[in-house]
Amino acid sequence: MAAPGENMKINAERLWDSLMEMAQIGPGVAGGNNRQTVTDEDSQGRHLFADWCAAAGMTMGVDQMGNMFARREGTDMDALPVYVGSHLDTQPTGGKYDGVLGVLGGLEIIRSMNDLGIRTKHPIVVTNFTNEEGTRFAPAMLASGVFAGIHTQDWAYGREDAEGLKFGDELERIGWKGDEEVGARQMHAFFELHIEQGPILEAEGRDVGVVTHGQGLSWTQVTITGKDSHTGSTPMPMRKNAGLGMARVLQKVDEIAWSHAPHAVGAAGHIDVHPNSRNVIPGRVVFTVDFRSPDLTVIEDMEKRLKIETDAICKEMGLDVTYEKVGGFDPVKFDEGCVTAVRAAAERLGHSHMDLISGAGHDACWINRVAPTAMVMCPCVDGLSHNEAEEISPDWAAAGANVLFHAVMETAEIVD
């Protein structure tokens, strides 16, 4: 297949303007975004994306998990589509680029192909996957997980948020529960553009990350139960302090991760303390331990040691403990052909690049199970993400989108 000419570029200014316009929906309190999944703000963002796709001449399909598929036809009606995309939902204190760059970068590919009069043999489908973040409804990558057969649809519909609202009900409420069977679509390939969410590319002075692998992830929700009691009048020997138990466990989590340096990581990002009153010793804590590594045996070792250490701490302190696996996936090796297309695109365009292992989970990690998949990454300032101060430069966005553009066009096969 013919490679695209190096002069073929996306409209970088239009991509940036689209990112800024989408960021107006669900603004955060500190310059970022709060557009959590299946909220009214999520619905507004979806409508804007759908309007832009219609204006670009694309047809929209929506499946029963709310995944959006905007299709540009190819010249061969029998050729499987090349898919490209990411997600539009954000963290409660999210940035303007996490996920959004991948969706709108995909849209910009179509707009630029229209401008340049480019046709491809394979159709191209720009995708917005539902609930990638997994903050409101755990686990992360929920809808792409159903698409790939990891989760059942009924189980996903029954996931509850902190208010007891169910995912399926909320999806229907906002009007984005489609009719299409989830996972029925077949893909020729899938590409996802994303910000790195780490500091490596910026520190190394590289324009583009060629993602070869994704770290495996394990989320274990730990519930430690003691006894609520007065902080002032309860003698120290008579306390059953669930908060102190959690503190000791989290120290062990850190030690476990360090024992597998340099690639393993571990922490607890979600923590609920009950009753969370200034003068009440915590009687119950619920927290989620997040372990990650590109090596499955390391993840399994960290999970095992977490339970051994936590059981010992709780037994010594007279506390009860339970565990629930609320998310996880094995390490991912992306398709060599798709990865090669990304690397070749970076070289053809003259962008400095390096191979990366993604430290975060992405929809591509699940889609990799059902279709050849690869990822493109661009730097983000100080590696900061899942924070309203998340920032990238227009040049970084353009470089990543242009590499995506070329890899997708090459895979979809340009027709002369």
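Author: First, a definition: helices (H or I, at least four residues) and strands (E, at least two) are DSSP runs, numbered from the N terminus. Glu 413 sits in the loop between helix 12 (394-412) and strand 17 (414-415).

A word on the source. This is a predicted model, in which local features need pLDDT of at least 70 and side-chain atom pairs count only at pLDDT 80 or more, while totals for chains, interfaces and linings use all residues. Residues are numbered from 1 along each chain as its sequence is written, and side-chain values use heavy atoms, with hydrogens and water left out.

Now the backbone. Most residues other than glycine have a negative phi, and most peptide bonds are trans. What about its cover? Glu 413 is partly exposed, because its relative accessible area is 22%.

Val 38 also has a positive phi, about 45°, and is not a glycine. Its loop runs between helix 1 (12-22) and helix 2 (40-55). Val 38 is buried, because its relative accessibility is 0%.

Peptide bonds come next. The bond joining Ala 138 and Pro 139 is cis, with omega about 5°. Pro 139 is found in the loop between strand 5 (124-128) and helix 4 (142-147). A cis bond also links Ala 261 to Pro 262, where omega is near 10°. Pro 262 belongs to the loop between helix 8 (242-258) and strand 10 (265-274).

Step back to the whole chain. It has 12 helices and 17 strands. Its C-alpha trace spans about 80 × 45 × 35 Å along the principal axes. The radius of gyration is taken over C-alpha atoms, and the globule rule is 2.2 Å times the number of residues to the power 0.38. For 416 residues, a compact globule would come out near 22 Å, and the chain agrees at 22 Å. Of the 416 residues, 55% are buried.

What touches what? A contact means heavy atoms within 4.5 Å. Take contacts between residues at least 6 apart in sequence: 80% of them join residues at least 24 apart.

Val 210 is one place to look, in strand 7 (residues 208-214). Val 210 is buried, because its relative accessibility is 0%. Leaving out residues up to four places away in sequence, Val 210 touches Val 339, Val 342 and Met 375, among others. Gln 64 is 146 residues from Val 210 along the chain, and their C-alpha atoms are 32 Å apart.

Gly 61 is another place, in strand 1 (residues 59-62). Gly 61 is buried too, at 12% relative accessible area. Beyond four places in sequence, its contacts include Phe 69, Glu 180 and Arg 185.

Two of those names return as a charged pair. Side chains of opposite charge can pair when their charged atoms come close. A salt bridge is a side-chain nitrogen of Lys or Arg within 4 Å of a carboxyl oxygen of Asp or Glu. Arg 185 and Glu 180 form one, at 2.5 Å from N to O. Glu 180 is partly exposed, at 22%.

The structure holds 17 salt bridges. In one of them, the closest N and O atoms of Arg 173 and Glu 170 are 3.0 Å apart. The two lie in helix 6 (residues 167-173), and because they are 3 residues apart, about one helical turn separates them. Arg 173 is partly exposed at 45%, whereas Glu 170 is buried at 8%.

Glu 336 and Lys 333 make a salt bridge as well, with closest N and O atoms 3.2 Å apart. Glu 336 counts as exposed at 56%, and Lys 333 as partly exposed at 49%. Elsewhere, salt bridges with shared partners join Asp 40, Arg 136, Asp 161, Glu 170 and Arg 173 into one network.

Conventions:
Buried < 20%, exposed > 50% of the residue type's maximum accessible area, 1.4 Å probe, protein only.
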